[in-house]
Structure formats: C-alpha cells, structure tokens
Amino acid sequence: MEQWPGIPYPLGATWDGGGTNFALFSENATGVELCLFDDFDAETRLDVTEVDSFVWHCYLPGVGPGQRYGYRVDGPFAPERGHRFNRHKLLLDPYAKSIDGDVDWSEEVFGYSFDAGHEADLTFNESDSAPGVPKSVVIDPTFDWEGDEALRTPWHRTVIYETHVKGFTYTNPAIPDEIKGTYAGLAHPASIEHLQLLGVTAIELMPVHHFLHSQTLTHKGLRNYWGYDSIGFLAPHAGYSASGVKGEQVPEFKSMVKTMHAAGIEVILDVVYNHTGEGNHMGPTVSFRGIDNAAYYRLLDKDRRFNMDFTGTGNSLNVRHPQVLKLIMDSLRYWAIEMHVDGFRFDLASALARELYEVDRLSAFFDIMHQDPVLSQMKLIAEPWDVGEGGYQVGNFPPGWSEWNGKYRDSMRDFWRAAEAGVGEFAFRLTGSSDLYKDDGRRPNASINFVTAHDGFTLNDLVSYNEKHNDANGEDGKDGESHNRSWNHGVEGETDDSEIRALRERQKRNFIATLALSQGVPMLLGGDEISRTQGGNNNAYCQDNEISWFDWSLRDENLTLLGFARRLMQFRRDHPVLRRHRWFMGRAIHGEGTTDIAWLNPGGDEMTEQQWNDGFAKSVGVFLNGDEIATLGPRGERITDDSFLLFFNAHHERMDFIVPVGGYGRAWNVVLDTNEPLLDEGARSYKAGDAIGLEARSLAVLRRVE
C-alpha cells in the first residue's frame, strides 16, 4: 500500500477527499503500527516511521470514509515505571470520530495473564486482541447544516431537561421501531413535541461519547446504561445510532442537533473527562493504557504501577500532562464547532482541577477554558465534586461556570419532608444561593437547581421510598446513596391507601412548583413529569431495561401532573420576576424594608430574626415586587412584571396565612395551589388582611390585582 509521510496535525484520522492522514501521540513509544481492517477483518499492518514532537504520522492515498483501523504501539513494558506497552494489543485511536464494535471480554484484551495471581499485571500477554476489540473508523466530515447556528438561549430563560437517548425514546409508541433508542428517535416529532409542551429550552444528554460495557457488568448480564466509562472522546456512541453503517452515527447525531435547534431546544452533553473505561491497573488494554499509560493516566508517585483514583472508577486522566489537556480541549471544540452542541456538563469536575492533589480553581484547565474564545461562551456546568479528599466544591468554581447545586437539592428535600432545620436555608436556595455564588461575581444562573437527577431516586420514588432497593444491581444493596433525604409518607413503595397517594402527588407538585419558582436555572429529571419510577432503585447505572426506560403509559395515568408541570414552566417563562438574571437588590435575607423582595411569616408580618432561626418553623411567605426589577432589557428598556405572593406550608397541619397589609397590594387572585392542581386563576380572590388557608404540605401563588 502506498504510504506518504503525512503531517502531525490534526491528530486522529483526517480524510481530505483524496486520502487520509493518520496522527497519534505517544511520548514513550518506540514503534507504532497502523492497522487497517477490511470487511472480513483481514488486517494490513503499516509501520509509521515519521515522528514529530512525539506525534507519529503518515498519509494513505485512496483510504477514505468507512475504513476501520487501529494501532499497535511498541515500547517498554515496565509497570513499576508506569509503562504498559504491548504490541500484541490493538488500540483505539483517542481521536477516533467513529468507533465500530464492542469488547469481547476474553483474556486476549488484557495485557497480562489471568493465571498469575495478585501480581498478574506484571506478566506480559502475547495473545492478539484484534478479534475482540472495537475498531476506529474514518469518517466523512461533510454535512449540510442548512444555516444552523447556536441558539444562545440566555441562562435566565433556560429550562434544562436531563435525559437519556435510549431511555427517553425506546418505549415511546409514537416513535417507529427502527429508530427507537437512537439519536434519530430523539429527533422524532413525538420527542420534540413532548419537550416543547413542557417548556424545555435545553436537553442535557447523559454521556454520548463512545463508552464500554465493563467485564464485570457483562458477566452479570448487565449493561453500562448510564455510559460513564468513555473510551472515545470524539466519537458519538455507536449503540445509539439507527444505522448499522460504519461512521453513520456522526451525521445522525448532527441531524438530531439540527432538528433540536429548529425546535428552539439547545443540546448540552454530559461529558466524562475525569477517567476512562479502562479501569485500574488490572483493566483491559484497549486504548490509552497501551498508547502511553504514563502520559495519559495519573499514577501514584511512590509506585507508578498503580493508578491514582479521584473518581472511584479505578483511574483518573492525567490533566497535568499537556497532551491530555489538549485532548480534552480538542474534544470540546470538536463537539462545539463540528457537532454544534451548545454546552457541557462536566462529570466529577473537581477531578479536572487537581494539578497536584487539591482542587485548584486556578488550575490550567480553568485557565484554558476561560481563555478559549469558543468554549468560554458556551454553557459550562460543573458537577462540583469528586470522591477524593476535599472534592466537594459546591460554590467554589470560578466565574463563567454554573454548578449542579447539591445544596439546593438537599435543602428542598429537607424542607418538604419537614426535617429539623430553619427556613433560612430554604430562603437562600429559593433566591438563587447568593451565599454560594455572589461573592465571586457570579449571578443566579450559577445555580443549576434540581431536586432529582439520574443519580438517585426519581421524583416518584423520592416520595415513595425511605430506603434504596438496588438488589437488581447485584451488589448486595451496598451501592448507591444511603442518605437520600426521602420520605415514603407511611408506606414503603406502592400503596392503595388513597390518603398517602394524594399526599405523595401533592408533594410531587410541591417539588416541581418550588423548582419553577426558584431563582437560578431549573433542571428537570426526564420522566419526573409523568411519575417515572425505578422501583426504589437509586443507582440504576447498569439497568438497560424497564427499570430505567420511560414507561410512556404513565403519561395517560399522570396527565394531571404533566399538565401541572407544563403550566408551571409556562408560568415561569411568562414572568421575569421569577427568573431574574441579577441578585435581589433589597437588604440581606435577615433584613427588613426590602424593596424588591420581602419575607413574611404566616401572620403577614416581615420575618423576625428569631423566626429565621426557629428550627421548627416550616412555613414562610415571599413577596416578589414586579415593579422593582433592577436590570434592563436587551435594548435598555425597563422590565416590569406582575407582583406575587408565594406561600409555602411544609407543616404537617393546615395553616392560615394572612395576606399582608401595607404597601404590598389591596387585592389578590390565587394563580395556583398545589392542593388544587386544576384550580383556575381567579376562582379564589383575597384582599389585604384576609386569611388564606393552606393545606398541610402545600404551596400557593397569588397575583396582585390592580
């Protein structure tokens, strides 16, 4: 086969219409073979002899899209120094833009012999892994975007819907069978309609970077459903493609994004750059480990045989290495520029900021992100924790970043289950968590507010279970969070008790309403609006089955909840006082005489210092002044809105709230009441000084009538 020297940039396989340039980084390799595979898996090996700045490269005329390939990399096998080169193992290109096939979990895909005991990783396995590992695929990058551009929906208008490509679409009867569980299914009109009617402005997709199904799960008959074991940071996961043609998942993904944008919906990706699917030193050799283990992975300083693990998955990517940092940045830019996605949610983001051991907000990763002209303008969301020491960093990420606000989740769960805590914490979370984000110059949009997410109970299970029920995961119930701040309301799991069922439904509405009424960015867990249940499983990472998939029959059973959720998100969209993009300008929460917000006790008076500190207090009112919105519109126009009273009663008994007198307003209409989800606005009206009765564990919203 004709072979030209090629060029070292860009990394990966780049087709130019006449041939393909191949470029691979390996700092410690002594030799590299490029391996091509035909449709019958016959292999052709080519020595790559050109090397510039540790990048091995060549150009093959006539080789084009659809060509499957991999690498064999030679170098020292010295585990004590962190080197695990093995030329007998076929390796995926870290820059592959398409990947074909799965791992066959036989001994051949490991770099060592299974029979050598606890020091097996020190042995050298010479069996060929090529028949049992996936292959990289050359793609055609051309695509007609038809003028598609980034939507750039402002943060204060954003409503995020976290969902799963397969789970959201696989059982929807309105989607054709041939595209269920795929990117094409996500772009189907039935999917789009559901999202639009719910008021969603952005979908946050659980990992779509190509990932592995681990050996442990496979042997148990389970699957890596969530996808948090990436092995290809530039390749859309092939398992979510409706086409069986190699490389076609790329245009299918692009078509999905284009369709979402046409519907006014942004696409945010949950990305996992903190580790890979190769696991610890006993894991398989399918890519990074065999290309340059010592460069790509963090290794223990005192014994480089072992991986450093800040993630609980066996390994951590070495973000201190310039090439690894470049890989992450190249991946992000590829998805932003070539795939047109609108933002990223970074899994275990604290791990990316560990240059030495501690999380450092001045790390190179943050510096580069801040300086990048493309990425710095996108929606950047951190999961602000990892499993390492000092990893919990809620509120500590730098300007430009929003965060999954775990304190919001915990506070709202505690408030509505009437845990022993004052209303002060609730008030901070409801108004955007200024105590976490204001001091470093960020705005309320820094807080991604959520009550439930993929990791933990669904909303239905949050109000139905006190304990996790994870037996199906095969880990003896030891996996998953044990302190869920959940409450079953008297019966564990499903029940026929009408009073308990009614209370659970009201609590679901309380959570959704609180989310919609909170300053910051609301994030709904996909399926909560139709009471999706996982039967009490709070860690369904390996359940690629009915436990995790949407049950769309619930849609008809839960039309009241679905309609209520739609109404709340529309209500939020219609009223800028509920989605301010600057902080309230009144005095601190504990102060008096505020102009744009006031905090009221059930008697209609402003809260006193003692009432803020009463741990037993579970009821509070909020006045939002629509005439006092400090910020201007995009053309400098003054923004005004209606004024509202929000009454929250998390007490276990019915309670009267007095409509305040003074400068608040003389007449009020009830807009919504979580105890009466079908109530029409105006059906109940009150005047200043009147008492409005709120059912136990409910909330109401009143609009001022001029």
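The exercises below work through a predicted model of a protein, each with a solution in steps.

Residues are numbered from 1 along each chain as its sequence is written. In this predicted model, local features need pLDDT of at least 70 and side-chain atom pairs count only at pLDDT 80 or more, while totals for chains, interfaces and linings use all residues, and side-chain values use heavy atoms, with hydrogens and water left out.

**Exercise 1. The whole chain**

Describe the overall build of the protein, from its helices and strands to its radius of gyration and its buried share.

Step 1. The protein has 16 helices and 29 strands, where helices (H or I, at least four residues) and strands (E, at least two) are DSSP runs numbered from the N terminus.

Step 2. The radius of gyration is taken over C-alpha atoms, and the globule rule is 2.2 Å times the number of residues to the power 0.38. Because a compact globule of 706 residues would have a radius near 27 Å, the 27 Å of the protein agrees with that rule. Along the principal axes, the C-alpha trace spans about 90 × 55 × 50 Å.

Step 3. Of the 706 residues, 61% count as buried; buried means under 20% relative accessible area, exposed over 50%, and partly exposed in between, with a 1.4 Å probe and protein chains only.

Step 4. Among contacts with a separation of 6 or more, 72% come from residues 24 or more positions apart, a contact being heavy atoms within 4.5 Å.

**Exercise 2. A pair of strands**

Find which way the residues of strand β22 point, and how β22 is joined to strand β23.

Step 1. In β22 (residues 597-600), Ile 597 and Trp 599 point one way, whereas Ala 598 and Leu 600 point the other way, and all are buried.

Step 2. Strand β23 (residues 619-624) runs antiparallel to β22, and four bridges join the two; strands pair if DSSP finds at least two bridges between them.

Step 3. Ile 597 has Leu 624 of β23 as its bridge partner.

**Exercise 3. Backbone details**

Is Ser 53 buried or exposed, is Ser 433 buried or exposed, and which residues does a cis peptide bond join?

Step 1. Ser 53, in the loop between β5 (50-52) and β6 (55-61), has a phi near 50°, a positive value in a residue other than glycine. Ser 53 counts as exposed because its relative accessibility is 66%.

Step 2. Ser 433 has a positive phi of about 65° although it is not a glycine, and it is found in the loop between α10 (423-430) and α11 (434-437). At 0% relative accessibility, Ser 433 therefore counts as buried.

Step 3. The cis peptide bond joins Tyr 9 and Pro 10, with omega about 0°, and Pro 10 lies in the segment before β1 (12-15).
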